[in-house]
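Here are my notes on the model you asked about, written as numbered points. Keep the structure open beside you and look up each residue as you go.

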Amino acid sequence: MELKFEKQMKLIEKEVILKSVDLDDDFDDFEVDIGDFESNERFMAISPRCIRCNLCVENCPVGAISDSTYSKRAKILDNCVKCEICVQTCPVSAIYIFESEAVINNEADDIEDQTLDYAFKQVTIPHRIIRLNDIEMDRSKCIGCGHCVKYCPTKANKLKTKEYIEEAECQVYDNFEKGQLYPFINKKLCVGCGSCSNICAQGVYNLDNYIGPLVQTKNLLIHDDKCVSCFLCEDNCPTAAIVLNSENIPELDADKCIRCNTCSDRCPVGALELVDVDLNSDL
């Protein structure tokens with residue numbers, strides 16, 4: 001998905017003037033020169049499709065996602081380093097990464113024809129494997145509130161009668177009331193996301209799921225010949241994955257590195273470079 005739109009520079013200049021002058025100033029005598037401008041940013045967002053499983057929260061290496069609840073989806077916090085781990089982990093692809101670009105198109109001589117062009121493009125991120133090994137329910141704790149059913153992404157968890165559940169599980173539940181509906185999981189449909197387990201306030205669920213390794217989409221290159229041993233990479237790495245050795249050259253612990261580009265952004269001489277991996281190179 002990609003969105004593009006533009007805004008006339010004349011309108012932007014007027015907005016700058018209105019924000020820059022006092023009410024008693026003469027607007028006609030006030031001039032502004034915005035000059036050249038270009039911005040490239042990457043931002044992330046969690047959509048309303050969030051199923052409250054909290055897998056993103058549990059897997060975020062820097063604690064940059066707030067817990068979700070029954071009534072509130074997870075939220076990305078200001079300390080996010082955009083490492084993409086949450087995007088790969090979300091079982092329903094409810095976390096998006098967008099690249100934005102804003103640039104002044106001043107090729108036209110007349111200010112009336114000049115524009116500030118915006119572009120937003122969704123970045124496609126591969127998904128890691130998540131699957132169910134097993135899930136069990138302690139029915140002695142279940143109160144039949146049904147909260148766990150609401151966000152099940154595959155409708156594997158549905159409300160069923162006491163009689164249906166007892167027949168299916170070949171067991172009598174004295175704490176269940178006739179006519180009352182209770183959650184029942186079809187394990188053939190369950191993907192092991194853990195939404196029901198996270199939402200349940202009574203601790204009914206015992207989940208055993210498998211979460212596969214991350215797909216490496218980027219590599220961090222270290223250019224020793226450019227390094228000036230300023231220690232900014234080591235001081236700012238959120239996972240202590242990069243340190244300067246005895247010769248004051250950066251060394252990377254690949255197991256700790258989350259490819260978040262914090263070090264490469266802070267490096268003043270371009271000695272660190274985060275590059276995309278060609279995932280189709282073996283095809």
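This is a predicted model: local features need pLDDT of at least 70, side-chain atom pairs count only at pLDDT 80 or more; totals for chains, interfaces and linings use all residues.

1. Now for the largest pocket, which has a volume of about 590 Å³. It is lined by 25 residues, and closest to its centre you'll find Arg-42, Glu-84, Glu-99, Lys-218 and Asp-276. Which elements supply at least two residues each to this lining? They include strand β2 (38–46), helix α8 (262–266) and strand β14 (272–276). By class, the lining of the largest pocket splits into 11 nonpolar, 4 polar and 10 charged residues.

2. Let's step back to the whole chain. You can count 8 helices and 14 strands in it. The chain has 283 residues, and 36% of them count as buried. Take the contacts with a separation of 6 or more: 68% of those join residues 24 or more positions apart. As for the surface, the chain exposes about 17,200 Å², with carbon and sulfur atoms supplying 47% of that area.

3. Next, the inside. In soluble globular proteins, nonpolar side chains tend to be buried together. Here the largest nonpolar core has 32 residues, and Ile-65 and Ile-95 have the most contacts inside it. Strand β2, helix α2 (55–59), helix α3 (85–89) and strand β5 (95–105) each give at least two residues to this core. Apart from it there is another core, of 19 residues, including Met-137, Val-149, Ile-165 and Tyr-173.

4. Ile-65 deserves a click of its own. Leaving aside residues up to four places away in sequence, Ile-65 touches Ile-46, Cys-56, Val-57, Cys-60, Ala-74, Lys-75, Leu-77 and Cys-86.

5. Most residues other than glycine have a negative phi. Asn-54 is not a glycine, yet it has a positive phi of about 65°. You'll find Asn-54 in the loop between β2 and α2. Is Asn-54 buried or exposed? Its relative accessible area is 8%, so Asn-54 counts as buried, the cut-off being under 20%.

6. Ser-93 is also a non-glycine residue with a positive phi, of about 55°. Ser-93 lies in the loop between α3 and β5. With a relative accessible area of 39%, Ser-93 is partly exposed.

7. Go back to helix α8, where Thr-262 has its place. Why does Thr-262 count as buried? Because its relative accessibility is 13%, and buried means under 20%. Not counting residues up to four places away in sequence, Thr-262 touches Val-81, Asn-236 and Pro-238.

8. Asn-175 is in the loop between α5 (162–169) and β9 (181–185). Its relative accessible area is 37%, which means that Asn-175 is partly exposed. Now find Ser-140: Asn-175 and Ser-140 are 35 residues apart in sequence, and their C-alpha atoms are 6.7 Å apart in space. Setting aside residues up to four places away in sequence, Asn-175 touches Arg-139, Ser-140, Cys-142 and Tyr-182.

9. Last stop: Leu-244, in strand β12 (residues 242–244). Leu-244 has a relative accessible area of 12%, so it is buried. What does Leu-244 touch, not counting residues up to four places away in sequence? Its contacts are Ser-229, Phe-231, Cys-233, Glu-234, Ile-249 and Pro-250. Of these, Cys-233 is 11 residues from Leu-244 in sequence, with 8.7 Å between the two C-alpha atoms.

Notes
Residues are numbered from 1 along each chain as its sequence is written. Side-chain values use heavy atoms; hydrogens and water are left out. On a 1 Å grid over the protein atoms alone, a cavity is a set of points where a 1.4 Å probe fits but cannot get out, and a pocket is an open set with protein on both sides within 12 Å along at least five of seven lines; lining residues have an atom within 4 Å of a point. Grid points are joined across faces, edges and corners, and a volume is the space filled by probe spheres set on the points. Helices (H or I, at least four residues) and strands (E, at least two) are DSSP runs, numbered from the N terminus. Ala, Val, Leu, Ile, Met, Phe, Trp, Tyr, Cys and Pro count as nonpolar, Asp, Glu, Lys and Arg as charged, and the others, Gly among them, as polar. A nonpolar core is a set of buried Ala, Val, Leu, Ile, Met, Phe, Trp, Tyr and Cys residues joined through side-chain atoms within 4.5 Å. Buried means under 20% relative accessible area, exposed over 50%, partly exposed in between (1.4 Å probe, protein chains only). Contact means heavy atoms within 4.5 Å. Accessible areas come from the Shrake-Rupley method with a 1.4 Å probe; for residues, only the protein chains shown count as cover.
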